[in-house]
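Good morning, and thank you for joining. I would ask you to look at the model on the screen, and then we shall consider one residue and its surroundings.

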Amino acid sequence: MNCAVEEYKLTANYDVDFTAYAPLHTFKGWTRQGVDVRMGINFDAGTISYARASAQTCCFDNGFDDRNRAMSDYMQIEKYPESIIELTQIKALTRLDIRFQIDALAVLEFMGQRRQLPVSFFITRNNSEFSIDLDFKWSFKAYDLKAPRLLFLTVRDIVDISGKCNFLTIKSVCYINFKDKVFSSR
């Protein structure tokens, strides 16, 4: 039996953070809810057939009500309630024992604009589960956006985004080959 692709879904155990920098100050934020991620992976072949994540922008938080309101106003969350990132190309996938290191290109949709950006992440497999550690940089300028001002300080162009997520198998598509006849377990 050959399991071609296993479909995985994000568990409730995830942590997505973002950090923006300004002169003499660092702004940290996170989302602990409103995130959905789906992936199709064949661990035996070392391939990823798709990966898509979405985050409800109203769930972005930085721990301060006034800053959250300013961030919501800046991101126009009524008009753009969701940010989406989708893998478009795997540039390198390296097997490191029980881990995989992936360098890829993805398209990030933010405030109605779509831009391609490089992403690197690690996948660690544990039986029917796996986890991802992801880090990438995001730029206001790349989206033709003026960096916001917080606490009378203009935020620098680059924002660091990181995520740590755990996944469970939700569906396996396996194939059995019996003397030139192939059966699928869909």
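Let us begin with Thr88, which touches Leu105, Ala106, Val107 and Gln116, leaving aside residues up to four places away in sequence; contact here means heavy atoms within 4.5 Å. This is a predicted model, in which local features need pLDDT of at least 70 and side-chain atom pairs count only at pLDDT 80 or more, while totals for chains, interfaces and linings use all residues. Residues are numbered from 1 along each chain as its sequence is written, and side-chain values use heavy atoms, with hydrogens and water left out.

With Gln116, the side chain of Thr88 also forms a polar contact of 3.5 Å, that is, a pair of N or O atoms within 3.5 Å, where within protein one must be able to donate a hydrogen and the other to accept it, and residues adjacent in sequence count only if both atoms are side-chain atoms.

Where does Thr88 lie in the fold? Thr88 belongs to strand E5, residues 82-96; strands (E, at least two residues) and helices (H or I, at least four) are DSSP runs numbered from the N terminus. Between Thr88 and Tyr50 there are 8.0 Å from C-alpha to C-alpha, at a sequence distance of 38 residues.
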